[in-house]
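Thank you all for coming. Before I say anything, please take a moment to look through the chain on the screen.

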Amino acid sequence: MFPFGGLKIVGQHLPRRCRLLLSAAIFIGGSPTAFAQSADDQELAAIKAEMRMLEGRLQAIEERRHTKTSSQTTHPRATKAAFAPHKTIVGLETNHIGMSPSSHSTGAMPVSTTGFAPTSVTNTPALYNPVPPATHQTPPPLFQWLGTQHNEAHRTSIDLTSSSPLAITQTEVDHLPPVFQIGNLTVRLGGFIDFSNIWRSSNLTSGPATAWNGFPYANSPNHGLSEERFSAQLTRFSTLLEANPTKAVRLQAYVEADFGGSGGTTNSVQINGYTPRLRQGYFTFTEKDWGLHVLMGQAWSLTTNYAKGVIPRQEQLPAVTDNNQIPGITFTRVPQVRIAKDWAQKYWLALSVEDPQATVAFSDSLSSGGTLPASYGRLAGPRVFYSNAGGVLLNPNTQYSYNPAPDIVLKAAVDTSFGHYEVFGLGRWFRGLIQPAGENHTHKSTQFGGGVGAGMTVPLGTDKLQLTGNVLAGQGVGRYGPTLLPDTTFDKNGNPSPVPEIMGSLGLVGHPARSVLLYTYGGVETAGRRTYLGADGLQHGYGATDLNLSGCEYEFGTCAAQTKTLAAFTTGGWWHFLDGHYGSVMGGLQYTYIRKFAFKGNDGAGHAVDPTTYGHTVYVTFRYYPFQQ
């Protein structure tokens with residue numbers, strides 16, 4: 001029934017063409033005002049009706065094709081009977097209107113005659129009605145169980161064939177269809193619901209991100225106290241907006257968030273109220289003809305290894321479940337401005353200016369504004385300032401380092417048939433305020449640090465096996481590793497002193513089936529020494545080798561060991577076992593073994609002490625992808 005002012009058209013059983021003509025007549029005879037008010041509504045309704053009709057026709061065709069295929073395979077006699085001549089229409093003996101008897105062999109489908117009546121019918125007691133095939137129509141499955149499928153050509157909604165699958169490391173929103181459109185701007189939604197069960201051999205009191213440098217030595221009661229936690233904090237959502245003003249220009253905006261944050265009232269007693277946090281938020285400009293790429297916002301650092309060029313959301317991230325990656329991986333996620341140039345999507349050159357931050361460590365307890373131990377030959381040490389508590393819109397419970405200039409990264413990459421390769425350089429600056437002993441003023445001290453790195457992703461003779469690796473070496477680069485070794489310490493004059501460091505990882509990623517991914521990674525991070533000799537005859541700084549570390553070997557002992565090296569071995573895999581019209585489900589299992597080595601010390605009696613500790617972690621993870629259909 002269609003309302004038109006005070007009138008209603010009743011006649012849903014009339015042919016659609018008649019109803020449209022009647023509606024048009026009423027519109028023409030109505031007032032111009034009423035017509036103007038309802039013209040858009042009527043046009044919209046007609047479009048919607050047409051869409052519903054087309055959708056119904058499409059579904060009917062698909063069901064007929066499915067029925068025909070099933071009947072020809074399993075019911076040949078029923079198929080033959082269904083296409084046998086049974087009516088005479090307009091003096092012609094045919095199977096279906098417009099079909100000759102020879103049409104059977106060609107597999108021609110019946111032509112619908114709905115809404116049309118023959119002019120004359122002979123030898124026929126009733127109007128022509130095609131006889132449907134005598135087969136049972138099985139609706140398509142709501143979910144497809146992928147684990148038992150032997151047809152490797154089946155295409156699932158999640159691609160695990162990459163060495164760094166976007167569905168695991170990102171949200172794979174680029175490969176999803178737009179949800180809606182605003183003008184010329186398309187909007188895509190991505191993400192997943194994550195549930196993780198985390199077990200650690202030592203109690204770190206950590207969520208789904210492991211503090212690799214936090215595994216305690218034997219002096220801590222937490223060393224032999226295991227930890228078991230459930231968490232949904234890694235649940236992640238993303239939005240990708242895209243516009244194409246011209247064929248060569250593409251504009252994109254991307255926002256990605258999870259629940260890895262915590263507020264002042266956050267706890268796990270009754271309500272685990274963990275807060276959303278910004279993972280990524282940036283926009284990009286791409287000019288394809290020029291090979292120009294611009295990025296502004298918070299994204300993975302350009303130092304991160306990439307799987308293809310330097311394209312956002314194509315980072316070569318390990319397919320691990322731990323949110324803190326694995327030791328040896330080079331990465332940060334920070335605000336930045338990046339400009340890149342490609343040549344035929346094969347050769348790449350990029351420059352990024354990124355948000356700086358420094359991590360500081362010292363052999364003695366030292367906060368910003370504290371006094372250093374006097375160096376040899378001096379009576380007192382300088383006072384040093386290197387950080388402040390967070391202010392407006394920053395965390396007041398966190399210290400932020402002095403930042404004289406942004407970090408600068410320059411990277412070159414090449415994509416070949418033999419893999420992806422890249423090299424980069426990193427420049428950093430560190431600043432402190434120094435108040436010399438006996439003086440009542442301060443002066444600034446700025447020191448330079450940085451390093452060089454490289455990465456690769458190589459197929460090993462087949463697309464089912466890939467080798468990935470990365471390395472970074474330099475001074476003051478600890479912030480770029482998951483273990484957060486210190487960037488700087490202090491020399492005898494109070495100047496920031498960048499710590500020499502090297503980090504790297506190597507991974508092997510396999511794909512025994514389209515729905516299964518297996519991986520093994522090894523990683524290491526190690527720091528060098530930066531010390532000075534104090535007036536007390538002891539070493540001070542980072543990497544001191546004359547500390548009394550006897551307390552590290554027994555419970556409740558005092559242990560001031562400084563980390564020299566962390567090494568880890570990780571293995572695990574993912575299984576995409578459910579896929580259907582209402583999303584996909586994956587499960588992951590991962591084990592990591594980590595070993596931590598400290599700089600050597602002594603036991604106070606002239607005997608060397610070499611503190612070490614270890615840890616085990618096990619992750620069991622399930623993820624539901626509502627948008628991956």
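Predicted model: local features only at pLDDT ≥ 70, side-chain atom pairs only at ≥ 80, totals over all residues.

Residues are numbered from 1 along each chain as its sequence is written, and side-chain values use heavy atoms, with hydrogens and water left out.

Let me begin with the cores. By a nonpolar core I mean a set of buried Ala, Val, Leu, Ile, Met, Phe, Trp, Tyr and Cys residues joined through side-chain atoms within 4.5 Å, where buried stands for under 20% relative accessible area, exposed for over 50% and partly exposed for in between, with a 1.4 Å probe and protein chains only. The largest of these cores has 19 residues, and those with the most contacts inside it are A319, L517, Y519, Y521, W574 and M586. Helix α4 (166–169) and strand β25 (516–527) each supply at least two residues of this core, and β25 gives the most, with three residues. Helices (H or I, at least four residues) and strands (E, at least two) are DSSP runs, numbered from the N terminus.

If we stay with M586 for a moment, and leave aside residues up to four places away in sequence, its contacts include I158, L160, A167, I168, W574 and F622; contact means heavy atoms within 4.5 Å.

Now to the charged pairs. Side chains of opposite charge can pair when their charged atoms come close. A search of the whole structure finds 12 salt bridges, each being a side-chain nitrogen of Lys or Arg within 4 Å of a carboxyl oxygen of Asp or Glu.

In one of them, the side chains of R279 and E256 meet at 2.7 Å, N to O, and this pair links strand β11 (residues 275–287), where R279 sits, with strand β10 (residues 249–261), which holds E256, 23 residues apart. Both R279 and E256 are buried.

In another, D407 and R479 meet at 3.0 Å, N to O. D407 lies in strand β18 (residues 407–416) and R479 in the loop between β21 (465–475) and β22 (488–490), so the pair ties together parts that are 72 residues apart in sequence. Both D407 and R479 are buried.

A further salt bridge joins D487 and R428, at 3.1 Å, N to O. Here D487 lies in the loop between β21 and β22 and R428 in strand β19 (residues 419–435), so parts that are 59 residues apart in sequence are tied together. Both D487 and R428 are buried. Salt bridges that share partners also join E256, D258, R277 and R279 into one network.
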